[in-house]
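Open your viewer and keep the selection panel handy. We will walk through one model together, stop by stop.

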Amino acid sequence: AGDAGGGSTRRPGLDRARLEEIFEEIVSPLPGRELTQNRVAAYLENNPDVARELGLPSRIPSNPSNPARVEFNKWFSECDTDGNKKISFDEFMAFYGHGRGGGGGGGV
């Protein structure tokens, strides 16, 4: 399989119910309700089909210059809109095009 263009790793095609299920699977063993980089990376490594669904690599090496790590870090910071180094449910859903309820941001 080749690379299909650059840009964002966003996959808006996933439906809300599936995204909620994925978030719950990743967050369930954690004490808080937010995803950390380490937890997501470990989960993706054990669940390569979910990594594929999310458009992410399943193996995320620790080397910061590795392309898979660069892609993962970019995805994580795009999701983490408040910059607290954790991804909340709302941030996760918004990244994949399922933000909270109504209105909000259509652009210009």
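**Before you click**

This is a predicted model, in which local features need pLDDT of at least 70, side-chain atom pairs count only at pLDDT 80 or more, and totals for chains, interfaces and linings use all residues. Residues are numbered from 1 along each chain as its sequence is written, and side-chain values use heavy atoms, with hydrogens and water left out.

**Stop 1: colour by confidence**

Colour the chain by pLDDT, the predictor's confidence in each residue, from 0 to 100. The chain averages 84, and 81% of the residues score at least 70. Now select residues 1-9: pLDDT stays under 50 here, and the model has nine contacts for this stretch beyond four places in sequence. A contact means heavy atoms within 4.5 Å.

**Stop 2: the nonpolar core**

Show the side chains of L35, L44, L54, F72, W75, F92 and Y96. Within the largest nonpolar core, which has 25 residues, these touch the most other members. Such a core is a set of buried Ala, Val, Leu, Ile, Met, Phe, Trp, Tyr and Cys residues joined through side-chain atoms within 4.5 Å. Buried means under 20% relative accessible area, exposed means over 50%, and partly exposed lies in between (1.4 Å probe, protein chains only).

Helix α1 gives the largest share, five residues. The helices are DSSP runs of H or I, at least four residues long, numbered from the N terminus.

Zoom in on L44. Not counting residues up to four places away in sequence, L44 touches A51, L54, L56, P57, S58, I60 and F72.

**Stop 3: the aromatic rings**

Select F23, F72, W75, F76, F89, F92, F95 and Y96, which form one aromatic cluster. The whole structure holds eight aromatic pairs. Rings of Phe, Tyr and Trp (its six-membered ring) pair if their centres lie within 6.5 Å; planes under 30 degrees apart count as stacked, over 60 as edge-to-face and the rest as tilted.

Pick out F23 and F89, an edge-to-face pair with 5.3 Å from centre to centre and 80° between the planes. F23 belongs to helix α1 and F89 to helix α5, so this pair ties together parts that are 66 residues apart in sequence. F23 is buried at 0% relative accessibility, whereas F89 is partly exposed at 24%.

Then select W75 and F76. Their ring centres are 6.2 Å apart and their planes stand at 70°, so this pair is edge-to-face. Is W75 buried or exposed? W75 is buried, at 0% relative accessibility, and F76 is buried at 3%.

**Stop 4: look down α2**

Turn the view to look along the axis of α2. The buried residues of this helix are V40, A41, Y43 and L44. The face turned away from the buried side carries the exposed residues N38 and N46. Show α1, α3 and α4 as well, as they are included in what covers the buried residues of α2.

**Stop 5: charged pairs**

Finally, look for salt bridges, in which a side-chain nitrogen of Lys or Arg is within 4 Å of a carboxyl oxygen of Asp or Glu. The structure holds seven.

- Select E20 and R16: their closest N and O atoms are 3.1 Å apart, and both residues lie in helix α1, four residues apart.
- Select R18 and E21: their side chains meet at 2.7 Å, N to O.
- Select E78 and K74: this bridge is 2.8 Å, N to O. Being four residues apart in helix α4, E78 and K74 are separated by about one helical turn. K74 is partly exposed, with a relative accessible area of 35%.

To finish, select R18, E21, E25 and E53, which salt bridges with shared partners join into one network.

Conventions
Helix = DSSP H or I, 4+ residues; strand = E, 2+ residues; numbered from the N terminus.
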